[in-house]
Amino acid sequence: NDASFDVPTRPEDFDWGDHFPELHQEWTERRAAAATAAAAGEQEQAAAAGAGPSSEEEPPLVRFVDIGCGFGGLLVKLATIYPDTLMMGMEIRDKVSEYVRERIAALRRETPGSYKNCSVLRTNAMKYLPNYFRKGQLTKMFFLFPDPHFKTANHRRRIINTHLITEYAHLLAPGGWLYTISDVPELGEWMKAKLDSHPLFERVSEEELEADPAANLLDKSSEEGLKVARSGGSTYRNVYRRLEKPRQL
Ligand code: SAM
């Protein structure tokens with residue numbers, strides 16, 4: 001239940017260094033070097049250090065989130081394809097999030113320097129995303145094989161719904177992408193219909209998807225995707241772009 005994990009009151013209160021220790025350390029050192037150079041009035045040195053963050057600059061932010069990341073298959077693939085992007089898996093099940101945490105720790109040990117940009121959080125993503133992320137912070141959000149909640153009475157529990165899509169639009173930067181995939185035709189249709197009818201999203205074309213490394217991972221990276229692929233099942237992929245301004249419907 002929700003009482004068994006801590007939720008920060010606002011994104012500023014969350015300890016990112018805990019999740020990305022190596023990157024946090026590098027950033028702290030660059031910032032200290034820039035501050036020292038600036039304090040000494042050494043313009044050239046400050047400019048050189050300026051290749052990194054200035055003493056004022058904020059720590060790097062998480063840009064990608066995998067919502068309901070399960071066992072983390074997508075996350076660890078993305079981490080090597082986008083080594084300079086910070087990414088977070090969000091998973092509500094305690095044991096499963098703990099498995100992902102250990103999986104990432106092992107990968108970091110086995111391949112020093114890699115996987116330092118990915119981490120996992122145990123949380124209820126339907127309730128707490130704005131506690132972790134600021135407006136416009138995210139550039140990609142992934143929803144792979146979400147729970148179908150078949151019964152009509154349970155449709156309100158679906159993680160893609162009109163109310164939550166508005167929240168996702170708030171967290172996504174304009175131009176950011178929201179990726180969905182399902183093997184349940186009815187849920188695929190549902191996600192398409194909800195996103196098609198939202199004024200802050202437009203469908204990404206097939207040509208753009210072909211050129212996008214992340215879009216090509218949706219059906220063959222996560223544990224659920226691999227299971228569906230092994231059984232020869234069909235999948236329904238729907239990917240949308242966050243618009244700058246609401247469009248006419
Ligand atoms: N995306 C993974 C994959 O493709 O292998 C897992 C898919 S699994 C069918 C759905 C996952 O979403 C489960 O691991 C479940 O625990 C998680 N989940 C469901 N509701 C959630 C919520 N409100 N917040 C975070 N995770 C949630």
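Helix α1 (16–19), helix α5 (94–110) and strand β3 (118–122) each supply at least two residues of the lining of the second largest pocket. The model in view is a predicted one. Among the elements that line this second largest pocket, α5 gives the most, with 7 residues. The pocket holds about 450 Å³ of space. Its lining counts 21 residues, and H19, R101, V120, L121 and R122 are the closest to its centre. By class, the lining of the second largest pocket comprises 10 nonpolar, 3 polar and 8 charged residues.

Stay with α5 and turn to its helix partner. Helix α4 (residues 73–81) and α5 cross at roughly 30°, and their axes come within 11 Å. Angles under 35 degrees count as roughly parallel. The pair α4 and α5 is therefore roughly parallel. The crossing of α4 past α5 is right-handed. On the α4 side, the contact uses G73, L75 and V76; on the α5 side, these meet V100, R103, I104 and L107. Sorted by class, this contact of α4 with α5 has 5 nonpolar residues, 1 polar and 1 charged.

Helix α6 spans residues 125–132 and helix α7 residues 162–171; they pack at an angle of about 20°, with axes 11 Å apart. The α6 and α7 helices are therefore roughly parallel to each other too. Their crossing is left-handed. From α6, the residues M126, L129 and P130 take part, and they meet L164, E167, Y168 and L171 of α7. The contact of α6 with α7 divides into 6 nonpolar residues, no polar and 1 charged.

Helix α10 gives the most, with 3 residues. The volume of the largest pocket is about 710 Å³. Its lining is made of 32 residues, and G68, E91, F145, P146 and D147 lie nearest its centre. The lining of the largest pocket divides into 15 nonpolar, 7 polar and 10 charged residues.

The largest cavity has a volume of about 50 Å³. Which residues line the largest cavity? They are W16, F20, L23, H24, P59, P60 and L86. By class, the lining of this largest cavity has 6 nonpolar residues, 1 polar and no charged.

Now set the linings side by side. In the largest cavity, the lining has no charged residues. In the second largest pocket, the charged residues of the lining number 8. The α4 contact with α5 includes 1 charged residue and 1 polar one. The α6 contact with α7 includes 1 charged residue and no polar one.

Note on methods:
Residues numbered from 1 in each chain as written. Predicted model: local features only at pLDDT ≥ 70, side-chain atom pairs only at ≥ 80, totals over all residues. Heavy atoms only, no water. Axes fitted to C-alpha atoms, helices over the stretch in contact; angles between N-to-C directions. Helix = DSSP H or I, 4+ residues; strand = E, 2+ residues; numbered from the N terminus. Parallel < 35°, antiparallel > 145°, perpendicular 65-115°, else oblique. Left-handed = near helix turned anticlockwise from the far one by under 90°. Contact = heavy atoms within 4.5 Å. Nonpolar A, V, L, I, M, F, W, Y, C, P; charged D, E, K, R; others polar. 1 Å grid on protein atoms, 1.4 Å probe; cavity = no way out; pocket = protein on both sides within 12 Å on 5 of 7 lines; lining within 4 Å. Points joined across faces, edges and corners; volume = space filled by probe spheres on them.
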